[in-house]
Amino acid sequence: MKNDYGKVSALEKIGYGLGDTASNIVFQSVMMFMAFFYTDIFGISAAAMGTLFLVVRIVDAVTDPMMGALSDRTNTRWGKFRPYLLWLCVPFAVITVITFTTPPFGATGRLIYAYITYSLLMIIYTAINIPYCSLGGVITPDTNERVSLNSYRFFLATGGGVLVASTTMKLADWLGGGSQQKGFQLAMVVLGTLAIFMFLISFYSSKERVVQVSAKKTSLKEDIKILFSNDQFIIVALLNFVLLIAQVIRISTAIYYLKWFAGRADLTSWFLTTGMVAAMLGTMFATPLEKRLSKVKSYILIHILVVIFSAALFFVEKDQILLIFVLFSVVQFFSQMAVPILWAMMADTVDYGEYKTERRITGLVFSGVLFSLKLGMAVGGAVLGWLLAYYGYLGEAISQTPRAIQGIVTIFTLVPIIGYLMLILVVAWYKLDKKTCNKIREELEHRKELANQAG
């Protein structure tokens, strides 16, 4: 019976993964369309958009650790983390719609509206996503099952990306009746409603199995001190930060690249959908690769391949549409293959922290990781906006200068490579291999048995 303790059924893995399908309706909408929406539909400048993405992260510096600490201290009949999926799924959908709504204001009013609504969107994303991510760390203590769980999760999460990529522009055109402003708003109504149902399925199908061994009580200040004493958490947080900078720059530039370099804006939905389908397939290969090599070796190999194919994309001519699709899909395939491995690392750092300090701060660990992820999104979005402005990009323009178009190509292909190379250097410092994780798991189980005997 003990050997089956960490096993998770395929049905539960699917149910849990649907929660990230729901989350990715917002995450991928921001990644793929937010920059384009703000510059070409909502009507603010590229520089203002870049600054907006960065400034809003100040809010996250406060809300993320608060939410992590709150979820760690939540105790209900449903567990610590699951209830937030039930409580917040409707507000999550509503604020998504509001953020993608263009108000009838002047330029200053629209910018203020954008700051307020985007801040609210990030707050509600924090409030539901930190408990959701933390839930993945308490479904199973088994390190192999965690990679498998996250492979299911990110396969379905990327399915949310496919949904967004394949339907957003089409829904906006169909529902907008000629108005992209109205179209984006109504498209988010449809996608937000789907997200509600997916969160509810995730809530009802998941189970929290891993509980803290020690009943040790600490303050938020002490928990934060414990968090930053976890050297492996810091490495994983840094990996997330750098990864998201590279990903946001690449994905957010894709729509500009296809429209202005390739001259095929009509293929935008197909381009983004093809890339997301390739990413979905990539998640399926994470588990077998990690079993054959290790988390670190797999992560390094994957990003070496991402660098090679990203560089190749720089040299493609604008009329080589098929080759553009193929190389973009290959980059997406390998990029997403690395994600389940990284999230399994996160769960392992929670065990490592409890092993060192006798305090399990699952919610705070994942809030810290999510903050680094969102900070990476912010920096990536800011760098994108500033680089577009540097190269002279003009939103809502009929044409762009050759310099602006070449800038878009450079941003899309070469700039993210800097981040991928940094990932290879940073991950080499991660030391929680399979042998170490098994040793930690055995020690925590031993402590639990002693606690039960004493109790």
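Colleague: Does Glu290 count as buried or exposed?

Modeller: Glu290 has 3% relative accessibility, so this residue counts as buried. Please keep in mind that the model is predicted. Burial is assigned when the relative accessible area is under 20%.

Colleague: With which residue does Glu290 form a salt bridge?

Modeller: A salt bridge is read from a side-chain nitrogen of Lys or Arg within 4 Å of a carboxyl oxygen of Asp or Glu. Here the partner is Lys295, with 3.7 Å between the closest N and O atoms. Lys295 is likewise classed as buried, because its relative accessibility is 5%. Through shared partners, salt bridges unite Glu290 and Lys295 with Arg146, Asp348, Asp351, Glu354 and Arg360 in one network.

Colleague: How many salt bridges does the whole structure hold?

Modeller: The search finds 19. One of them joins Lys259 to Asp40, again with 3.7 Å between the closest N and O atoms. Lys259 belongs to helix α9 and Asp40 to helix α1, and the two residues stand 219 places apart in the chain. Lys259 is partly exposed at 28% relative accessibility, whereas Asp40 is buried at 11%. A further salt bridge brings the side chains of Asp64 and Lys374 together at 3.1 Å, N to O. Asp64 sits in helix α3 and Lys374 in helix α14, so this pair ties together parts separated by 310 residues in sequence. Both of these residues are buried.

Colleague: Which residues touch the most other members of the largest nonpolar core?

Modeller: In soluble globular proteins, nonpolar side chains tend to be buried together. In this model the largest nonpolar core has 150 residues, and Tyr38, Tyr118, Leu239 and Tyr256 touch the most other members. Helix α9, residues 231-261, supplies the largest share of the core, 20 residues. Beyond residues up to four places away in sequence, the contacts of Tyr38 include Ile44, Met49, Phe53 and Tyr118.

Colleague: Which residues make the nonpolar surface patch of about 330 Å²?

Modeller: Ile112, Ile116, Leu120 and Ile123 make this patch. Ile116 lies in helix α5, residues 107-136, and its 48% relative accessibility places Ile116 in the partly exposed class.

How values were computed:
Residues numbered from 1 in each chain as written. Predicted model: local features only at pLDDT ≥ 70, side-chain atom pairs only at ≥ 80, totals over all residues. Heavy atoms only, no water. Patch = residues over 30% accessible without salt bridge, like charges linked within 9 Å, V, L, I, M, F, W, Y side chains within 5 Å. Areas by Shrake-Rupley, 256 points an atom, 1.4 Å probe, with all protein chains shown as cover. Helix = DSSP H or I, 4+ residues; strand = E, 2+ residues; numbered from the N terminus. Buried < 20%, exposed > 50% of the residue type's maximum accessible area, 1.4 Å probe, protein only. Core = buried A, V, L, I, M, F, W, Y, C linked by side-chain atoms within 4.5 Å. Contact = heavy atoms within 4.5 Å.
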